[in-house]
Structure formats: structure tokens, C-alpha cells
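Hello,

Here is the structure I promised to pass on. Please have a look, then read my notes below.

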Amino acid sequence: MGAGRQGVIDLYKTLLYMGRDYPQGYDFFRSRLKKAFQRNSDISDPEQIKMLVKRGEFVVKEIEALYMLKKYRTLKDRYSTEKDQ
């Protein structure tokens, strides 16, 4: 993703799409995402925007990891033959 306007929009859309499966609910995720982007909307320095986009891309990877872990745990619980007690 680029650090320009289109890169920021793409990042927002990606995060919004990923928020559909967020554990605390889509509305919670969407409101937090909107606040985060509005908080940084006045930034015009290209280097700072690039840094924030990189941080956003890191957040995307973290959310993907969270979803993969959740999926792994669900499958492990569903198909596990031994139950811990």
C-alpha cells in the first residue's frame, strides 16, 4: 500500500473489512477505527503519514494472527480427542 491518500483509504477499507469478525463486534471495531483515523486526519507530513500507514499494516497483520489463533483454538477444541480437566 502506498502512503498517499489512496493508501490510507485502502488501509481503512481493509481494516473495516477485517472488523466483521472482530470478537467484540463489528460496531465496536468500526467506531474505534473511525476514531483512530479521525484523530490523525489533520496530519499532512508525508513521512508521518507513511509511518502511520506502516503501523496500520502492522495492525492488519496482528488482527490476522488473532483470527488465525481463534480458528486454530476452535478447531483444536472441536476435534481434540483428549479433554484437559
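A residue counts as buried under 20% relative accessible area, exposed over 50%, and partly exposed in between. R30 has a relative accessible area of 36%, so R30 is partly exposed. D27 reaches 53% relative accessibility and therefore counts as exposed. Please keep in mind that this is a predicted model.

Those two residues belong together. Side chains of opposite charge can pair when their charged atoms come close. R30 and D27 form a salt bridge. Their closest N and O atoms are 3.3 Å apart. Both residues sit in helix α2, three residues apart, so about one helical turn separates them. The count of salt bridges comes to one.

Now the helices. Two packed helices are described by the angle between their axes and the distance between the axes. Helix α1 covers residues 5-18, and helix α2 covers residues 26-39. Their axes come within 10 Å of each other. The crossing angle is roughly 160 degrees. Angles over 145 degrees count as roughly antiparallel, and α1 and α2 are therefore roughly antiparallel to each other. Their crossing is right-handed.

Which residues make the contact? From α1 come V8, L11, Y12, L15 and L16. From α2 come Y26, F29, R30, L33, K34 and F37. What classes do they fall into? Nine are nonpolar and two are charged, with no polar residues.

One residue links both parts of this note. R30 is in the contact with α1, and R30 also forms the salt bridge with D27.

Best wishes

Technical notes: Residues are numbered from 1 along each chain as its sequence is written. This is a predicted model: local features need pLDDT of at least 70, side-chain atom pairs count only at pLDDT 80 or more; totals for chains, interfaces and linings use all residues. Side-chain values use heavy atoms; hydrogens and water are left out. Axes are lines fitted to C-alpha atoms, for helices over the stretch in contact, and angles run from 0 to 180 degrees between N-to-C directions. Helices (H or I, at least four residues) and strands (E, at least two) are DSSP runs, numbered from the N terminus. Angles under 35 degrees count as roughly parallel, over 145 as roughly antiparallel, 65 to 115 as roughly perpendicular and the rest as oblique. A crossing is left-handed if the near helix is turned anticlockwise from the far one by less than a right angle, and right-handed if clockwise. Contact means heavy atoms within 4.5 Å. Ala, Val, Leu, Ile, Met, Phe, Trp, Tyr, Cys and Pro count as nonpolar, Asp, Glu, Lys and Arg as charged, and the others, Gly among them, as polar. A salt bridge is a side-chain nitrogen of Lys or Arg within 4 Å of a carboxyl oxygen of Asp or Glu. Buried means under 20% relative accessible area, exposed over 50%, partly exposed in between (1.4 Å probe, protein chains only).
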